[in-house]
Amino acid sequence: MAKVYVFDHPLIQHKLAYIRDINTGTKEFRELVDEVATLMAFEITRDLPLEEVEIETPVKKATVKMLSGKKLGVIPILRAGIGMVDGILKLIPAAKVGHIGLYRDPETLMPVEYYAKLPNDLEERECIVVDPMLATGGSAIEAIHSIKKRGAVNIKFMCLIAAPEGVEALQAAHSDVDIYIAALDEKLNDHGYIIPGLGDAGDRLFGTK
Ligand code: PRP
Ligand code: URA
C-alpha cells in the first residue's frame with residue numbers, strides 16, 4: 001500500500017494558512033505556492049541516492065557525498081500544477097518537466113485529458129506528479145494512468161491540500177505511488193470542493209473566475 005506523508009513543518013503550515021485565506025490576492029498566492037513547493041521538494045527528495053566522490057578542498061583531498069545523478073521528472077497537472085513547478089526546480093534544476101492537461105467536468109466531476117507532452121525517457125525517471133489539490137482524486141488518478149501508459153514506473157504524487165476521499169481513491173487506484181501532502185483536510189462538499197480547502201486553485205493562481 002502506498003504511504004502517505006503529511007508535512008507538518010511549521011513554515012509549511014504558516015504559509016499554507018495565508019494561501020487558504022480569502023483575503024490573499026493572486027500575486028501573493030502565487031508566491032506562497034511557489035515557496036511551499038520548494039519546502040515540500042526539500043522533504044520529498046530526502047531519499048535521493050548519494051555516491052562518494054573525491055574532491056580537493058583548499059586544505060586537502062576529501063571523499064564527499066553527491067547526488068548519484070538519478071534522473072527526475074516533474075509533471076504538473078494543468079492548470080494549477082504549473083504554480084508548483086518553479087519552486088521545485090529551484091532545488092532540482094536539472095529535472096525535466098512534462099505537462100498533463102486535465103479538467104474536471106463540472107457535472108460529473110470526471111477528469112478529461114486535453115493535453116500531454118512528456119519526456120520520452122519516463123521509464124528511467126523518478127516522476128513527481130504535482131497538483132495543489134487532491135479532491136475526489138479523479139485528476140491525479142487519470143494523470144498517473146496517463147504517465148504509466150507512456151512508461152513511467154517510479155512515481156510520487158505531491159499536493160498542497162488533500163481530502164481523505166481523494167487519498168483513499170488514489171491509494172486504491174495506484175498502490176505503488178506514495179502521496180506527499182502539506183495538509184489533510186476534513187472532507188469534500190457536494191460540488192467536490194475540499195473543506196475548508198482554499199477554493200479553486202487554478203482560479204486563485206491565475207486570477208480567473
Ligand atoms: C482542480 C485541481 C485538480 C483537480 C482536483 O483542477 O487543480 O487538478 O481540480 O480535483 P479532483 O481530485 O476531484 O480531480 P480543475 O479541474 O479545476 O482544472 P484547472 O486547474 O484547469 O482549474
Ligand atoms: N479543485 C480545486 O481547485 N479546489 C478544490 O477544492 C477541489 C478541486
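**Group meeting: ligand 2 and its surroundings**

I'll start at the ligand: a backbone N or O atom of Ile194 lies 2.8 Å from an oxygen atom of ligand 2. Keep in mind throughout that this is a predicted model.

Two further contacts belong with that one. At Gly199, a polar backbone atom is 2.8 Å from a nitrogen atom of ligand 2. At Ala201, a polar backbone atom is 2.8 Å from an oxygen atom of the ligand. As for cover, ligand 2 taken alone exposes 240 Å², and the protein buries 88% of that.

Next, the record. UniProt, in an unreviewed entry, lists residues 6–208 as "domain: Phosphoribosyltransferase". Over residues 6–208 the chain is 33% helix and 32% strand.

Where does His174 lie? His174 is in the loop between α5, residues 164–173, and β11, residues 178–184. Is His174 buried or exposed? His174 counts as buried, because its relative accessibility is 1%, and the cut-off for buried is under 20%. The side chain of His174 also makes a polar contact of 2.9 Å with the side chain of Lys148.

Moving on to Ile147, this residue is placed in helix α4, which covers residues 138–149. Ile147 has a relative accessibility of 0%, so it counts as buried. What separates Ile147 from Ile128 in sequence and in space? The two are 19 residues apart in sequence, and from C-alpha to C-alpha they are 11 Å apart in space.

Last, the surface. Val6 lies in strand β1, which runs over residues 4–6. Why does Val6 count as partly exposed? The reason is its relative accessibility of 41%, since partly exposed covers the range between the 20% limit for buried and the 50% limit for exposed. Val6 also belongs to a nonpolar surface patch, which it makes together with Val4 and Leu184. The area of that patch is about 220 Å².

To recap the residues: His174 is buried, Ile147 is buried, and Val6 is partly exposed. As for the ligand, the protein buries 88% of the area that ligand 2 exposes when taken alone. That is where I'll stop.

Notes:
Residues numbered from 1 in each chain as written. Chains lettered and ligands numbered in written order. Predicted model: local features only at pLDDT ≥ 70, side-chain atom pairs only at ≥ 80, totals over all residues. Heavy atoms only, no water. Patch = residues over 30% accessible without salt bridge, like charges linked within 9 Å, V, L, I, M, F, W, Y side chains within 5 Å. Areas by Shrake-Rupley, 256 points an atom, 1.4 Å probe, with all protein chains shown as cover. Salt bridge = Lys/Arg side-chain N within 4 Å of Asp/Glu carboxyl O. Helix = DSSP H or I, 4+ residues; strand = E, 2+ residues; numbered from the N terminus. Buried < 20%, exposed > 50% of the residue type's maximum accessible area, 1.4 Å probe, protein only. Polar contact = N/O pair within 3.5 Å; in protein donor to acceptor, adjacent residues only side chain to side chain. UniProt positions renumbered as here; feature names shortened; annotations may be inferred.
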